[in-house]
Structures are given as C-alpha cells and as structure tokens.
Amino acid sequence: MGRVGQPALRGCDDIARADFPECPAGVPALLCGLLDPVAAREAERVLWIVLMDSPFSMGPALPAALPFLLRLAADPAVPVRAGLIDFLLVVAELSHPVDGSGEQAIRFLGSDRDHPERALCRGVFAEHADLVRGLLDDRTLPDGLIPPDERTSLLTVATP
C-alpha cells in the first residue's frame, strides 16, 4: 500500500521541506516502506538509523517524523506495529527533560539547550495525546508490550 489512501502518511512528502531542513529526503519513502509487508522490517531498521544520532540521542529529523510514526503505530494493519511502539517508547523516554541539577545525566544525555528535539518531540506527543491514549488502551496489543513504567513515561510526555 502506498501513501495514496493512507491517512497516517498524509503530508509525509512535505516533511523534508518543512521546518526541518536537516530531515533526510528519504524519510517519506522509509515511512511508506513501513506499510509494505516485504519491506517493512528493513524500512524500520533504516528509519531507526536515520532518526537516531545514537542509541541514546534523537536526531534533529525525529520531531518531523514522529506524527507519522504515532499514526502508523495506531494502525493494527501496519506489519511492524510492535516495533514502532517499541521505538515510540524509546523516543518518549528520551524526550523527558534532563534535570539541570543532574550532572551525570547532562554528561551522558547532553543538556536540553543542546537538544531541542526533546521539547519538539514532547510537543508532538502532546499534540497527538489522543493517539497515545488510544495505544495505551488498545486491547489488540499483546499483553506486556507496554510495561507500566513505559506507559507512565509515554503519558507524561503526552501531557502538556
């Protein structure tokens, strides 16, 4: 299934031109690839690489892709839905502000001033809080996919 007729990807072609000039041009194609049962696993793997600067650092393009990831994760027909939810849990955890008094956290994760993507992602989660709550209430998801502490983390970043 392509982008045409897929509401989760409406506006996807515009993300590279939006307020995120550093967003790689291939992100829309990777997002579309998440819908293809044959290509989905590889698209998901490459998307993680493209959107994350490191395992503990979000890339500057992530806020632009996050609305699409949330909408895709909400769709039970997406072949890599569980993987997308795992990715969203990581993004939620990394979106929390880093406490200025926690010198070790700043050394490990960097300051919020140096990582504006944290606040931008929190804004996206809050803007799409209905999707977040829908994921947390979705009875089609396997039990234990979203552990209690990660549920709390997700709800916290989705609450303005």
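Guide: What follows covers the ground rules, then salt bridges, a helix and the cysteines.

Visitor: Ground rules first, then.
Guide: This is a predicted model, in which local features need pLDDT of at least 70, side-chain atom pairs count only at pLDDT 80 or more, and totals for chains, interfaces and linings use all residues. Residues are numbered from 1 along each chain as its sequence is written, and side-chain values use heavy atoms, with hydrogens and water left out.

Visitor: How many salt bridges does the structure hold?
Guide: Three. A salt bridge here is a side-chain nitrogen of Lys or Arg within 4 Å of a carboxyl oxygen of Asp or Glu.

Visitor: Where do E44 and R41 lie?
Guide: Both are in helix α2, residues 40-51, three residues apart, or about one turn of the helix. Helices are DSSP runs of H or I with at least four residues, numbered from the N terminus. The N to O distance between the E44 and R41 side chains is 3.7 Å.

Visitor: Is E44 buried or exposed?
Guide: E44 counts as buried because its relative accessibility is 12%, while R41 is exposed at 55%. Buried means under 20% relative accessible area, exposed over 50%, and partly exposed in between, with a 1.4 Å probe and protein chains only.

Visitor: What about R45 and E42?
Guide: Their side chains form a salt bridge at 2.6 Å, N to O. R45 and E42 are also three residues apart in α2. R45 is partly exposed at 44%, and E42 is partly exposed at 43%.

Visitor: And R81 with D138?
Guide: That salt bridge has an N to O distance of 2.4 Å. The pair links distant parts of the chain, 57 residues apart: R81 is in helix α4, D138 in the loop between α7 (129-137) and α8 (148-158). R81 and D138 are both buried.

Visitor: How much of α4 is buried?
Guide: α4 is mostly covered, with 11 of its 15 residues buried. Among them are F87, L88 and L89.

Visitor: What span should α4 have?
Guide: At 1.5 Å times one less than its number of residues, α4 (residues 81-95) should span 21 Å, and its end C-alpha atoms are 21 Å apart, which agrees.

Visitor: Switching topic: how many disulfides?
Guide: Zero, a disulfide being a pair of cysteine sulfur atoms within 2.5 Å. C32 counts as buried at 16% relative accessibility, and C121 is buried at 0%.

Note on methods. Helices (H or I, at least four residues) and strands (E, at least two) are DSSP runs, numbered from the N terminus.
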